[in-house]
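Look over the sequence and the model before reading on.

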Amino acid sequence: MELSFDYQYQRYGDDVQKCYCGSEKCRGTLGEKLSELAPKPQESPLRENSPRQQKKKDSGSLEQSLSRITRDDGCLSSPDNALQLSRLMVQTDSIEHRQLILTTIQSTTDAATLKRFLNYQGLNILWSWMVDVNEYPALIRGECKLDIIRALQGLPISTKNAVEDSKVIKVIKEVVR
């Protein structure tokens, strides 16, 4: 008995690539047309009132979410909140919200909390923000990059490899030039 697996490749265009697997259940070609793979409306994985969508509706604004995980002084209230901070960072696109989050990172001094933030891809997210900043007007761009660098200064980065792996060092060198 031979095992075969349908990888469900997508076919682009009308050119069909023949499959030579020899399985009895094989459809004879690699990939289906994109229209054949699109889910039908009744097959949608998220129903209108699903728990996931309800959670998004209940989560409120970024300011509310940030106030739930920070203390009165603007610091993260515990290491357990580093994951929520990373999630908020991924979700936000506005300059104002990013600056609020950067202020939170700069205000947080607890090493365990900041290490946990780094473990939750904090450097990679900051790198993506540095790359995104290039789309802003010049005056705002410089200010945002400096805010990110200030946030980086307070992080307990233990090895040079962590900075190099996140590509942050390349962007910092460009800012310095």
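Is Gln121 buried, exposed or partly exposed? Gln121 is partly exposed, because its relative accessible area is 43%. Buried means under 20% relative accessible area, exposed over 50%, and partly exposed in between, with a 1.4 Å probe and protein chains only. Gln121 sits in the loop between helix H6 (111–119) and helix H7 (122–132). Its phi is near 65 degrees, a positive value in a residue other than glycine.

A word on ground rules. This is a predicted model, in which local features need pLDDT of at least 70, side-chain atom pairs count only at pLDDT 80 or more, and totals for chains, interfaces and linings use all residues. Residues are numbered from 1 along each chain as its sequence is written, and side-chain values use heavy atoms, with hydrogens and water left out.

Now the overall layout. The protein has ten helices and four strands. Helices (H or I, at least four residues) and strands (E, at least two) are DSSP runs, numbered from the N terminus. From that terminus the order is β-β-β-β-α-α-α-α-α-α-α-α-α-α. Of the 177 residues, 28% are buried. The protein exposes about 12,700 Å², and carbon and sulfur atoms supply 50% of that area. Areas come from the Shrake-Rupley method with a 1.4 Å probe; for residues, only the protein chains shown count as cover. Contact means heavy atoms within 4.5 Å. Among contacts with a separation of 6 or more, 56% join residues 24 or more positions apart.

Another loop is worth a look. Thr92 lies between helix H4 (82–91) and helix H5 (95–107). Thr92 counts as buried because its relative accessibility is 4%. Beyond its neighbours within four places in sequence, Thr92 contacts Leu62, His97, Arg98, Ile101 and Trp129.

Next, helix H8, residues 138–153. Its 16 residues should span 22 Å at 1.5 Å a residue, and its end C-alpha atoms are 23 Å apart, so the two agree. The expected span is 1.5 Å times one less than the number of residues. The buried residues of H8 are Cys144, Lys145, Asp147, Ile148, Ile149, Ala151 and Leu152.

Cys144 counts as buried because its relative accessibility is 6%. Cys75 is buried too, at 7%. How many disulfides does the whole structure hold? A search finds zero, where a disulfide is a pair of cysteine sulfur atoms within 2.5 Å.

Last, a charge and a ring. The charged end of Lys167 sits over the ring of Trp127, 4.8 Å from its centre. The rule asks for NZ of Lys or CZ of Arg within 6 Å of the ring centre and within 35 degrees of the ring normal.
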